[in-house]
Amino acid sequence: MRVRRRVDGRIRFIALGVFSAVFLFSFLARSFKNSEELAEAASLANFDPGYIISDWQMGNYNSMSEAEIQAFLTAKGNCRDTRTYLTASYPHLSYHIRDGHFVCLAEEIFGEGASYGEGVSGGETAAHIIWQAAQDYKINPQVLIVLLQKEQGLITDSWPNNVQFQTATGYGCPDTEPCDAEYFGFRNQIRKAASLFRTVLDGGWTNYPLGWNYVQYNPNAGCGGTMVNIRNLATSSLYRYTPYQPNASTLAVGYGTTDSCGAYGNRNFYLYFEDWFGGVIAERGMIDVDFGDDEYVIESAINANKVIDINGGAEVAVNGTNIHLWEKNGTNAQKWKIIRNENRTYTIVNPTTGKVLDVLNEWRENGTNIQLWERHYSCAQQWYLDKEDDKYIFTSSCSSLVLDVLGGATANGTNIQLWEFNGSNAQKWTFRKIEKIVPVTPTPTPEPTPVSPEPTPTPVSPEIIPNEDDIEDGIYSLHPLMNMNKALDVENGSYANGANAQIYNFSNGNAAQEWRVEKNKVGNYYIIKNANSHKALDVANGVLNNNANVWMYDENNSCAQRWLFEKQVDGFYIIRNACSATLVLDVQDLYKNIQIYTGWGDNNTAQKWKLNRLR
């Protein structure tokens, strides 16, 4: 008679304050495997405790359709086990038996409020529950399938019981205490687990942050452990769920069990993912290429003539300068070195500035801007590379989001951002090596007969003097040349992010029209902040197009809030946005709304401003 397995998933709660944070752990995952499965076990030779699965793989929520999940569960499960007499050996457990055979996971129906599979009319299949959780939390359904197997063996079990369904992913089951009934239920368990993984992938709390962490081999501290360099958030989330690494003897026995210091959860996760879904290491974001010391132009797969470019040029770039798409022109703003890091990521460096492609504030949201910044080795500056159809995909090591061209557009100045992977050409790039020019020794020529030099002409003062030092930090009102009785104004004097910038009838003492002009600490740029709200004049969403709106927003050090003052011979200023070499502050909409627009030059009164020093 087969000895019934114990409930293997073990999760512990640790409360901060009054249960303010819940940390989930599981201990010894299912150890039972039949001989056929053992023979097919994947190799553990490449198991890396610091990189068990890639961030992209864990977040690849479209890896399987609901129909594909159902087909997988059906193929792996034996839903025709008729040995119903076995239930007599376990009277404390409940089983679902229909037409003389056990109902396994692939055929079970889970009803609302049912604590385990009870075949409730109108309920949901396991495949649907897994697929829906994958979509809602953007977690790979393969990860959830493997979790069900390593915790309760539910994928292959031919006669599952109520406890296995109630605690399907082991969520809410402490190592040393009974499972918490609040978390019972197959659907509840799946969604709680998916939510935990998503929280960590999004940069939420984890007790095993990126970097070096001491990871035990077993709940028994006497079994020891080692320092592990956890190199990505997906692996961190697995340790938050199962805080133990396999020791040498555990790795040596495949799916088998070993000494009392063994822990099998993360080992089995790796093995099942290898066996069932093709591996957790040789996947997106893990290619290993040595680009050497060469310089490259990075072309968009949308249009090979459009490349990654530093707005305004490399020679004037500062921290926060925007990165966008521009036609290929051979300037230093389009030259990059690809530096391989020890953790299998890459950093993209502009040789002229020494600065690198950087994710704004390490954000992990669709639409996050890409900027240039001095190198500081955070995840914001590290990228995993994958190759598809001879094109590269950049995945941020902060998240599963990839480098993307806004809207798939090809216009000069189109913004470059982060976006969830969709396989489009807007997310694919080609590295085009810049051939080094070998200098040729010229043939000596005779010295020419000296000729009296022409007199040096008297230099002519330029009409535009950028960033004149006569703009002192202070409070100003700003008046458009088109109507000097009006002034730059915050609509309704609002303090809110997104409050619109406009021009309005000037009223001395109106705080909505008082602006603190401050020179930036780095570079010759200025920040213009409303003296009332202290929010900065900002190009809405960093959009670099004609007619892009200008509003107020919290200071965030982006180029959308940096401005270049160009003094004209008549004493007025053109105020140029630092994100773009061509876009300037402009009056729109019948002399009311403020936008950015291509500079028209000295004759456009909608783009010339008088600075009136108030104090």
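1. A disulfide here is a pair of cysteine sulfur atoms within 2.5 Å. Keep in mind that you're looking at a predicted model.

2. Let's start with C559 and C579, whose sulfur atoms sit 2.1 Å apart, so they make the cut-off and form a disulfide. The torsion about their S-S bond is about 95 degrees, which means this disulfide is right-handed. C559 is in the loop between β26 (548-553) and β27 (563-567), while C579 is in the loop between β28 (573-577) and β29 (583-587), so the bond ties together parts 20 residues apart in sequence. Are these two cysteines buried or exposed? Both ends are tucked away: C559 is buried at a relative accessible area of 1%, and C579 is buried at 2%.

3. Next up is C223, joined to C261 with an S to S distance of 2.0 Å. The S-S torsion is about -75 degrees in this pair, so the disulfide is left-handed. C223 lies in the loop between β5 (211-216) and β6 (225-230), and C261 in the loop between α9 (248-252) and α10 (265-277), so parts 38 residues apart in sequence get tied together. C223 has 15% relative accessibility; buried means under 20%, so C223 counts as buried.

4. Finally, C79 and C104 are joined by a disulfide, S to S 1.8 Å. The pair links distant parts of the chain, 25 residues apart: C79 is in the loop between α3 (66-76) and β1 (97-98), and C104 is in the loop between β2 (101-102) and β3 (109-110). C79 counts as buried at 8% relative accessibility, and C104 does too, at 1%.

Note on methods
Residues numbered from 1 in each chain as written. Predicted model: local features only at pLDDT ≥ 70, side-chain atom pairs only at ≥ 80, totals over all residues. Heavy atoms only, no water. Helix = DSSP H or I, 4+ residues; strand = E, 2+ residues; numbered from the N terminus. Buried < 20%, exposed > 50% of the residue type's maximum accessible area, 1.4 Å probe, protein only.
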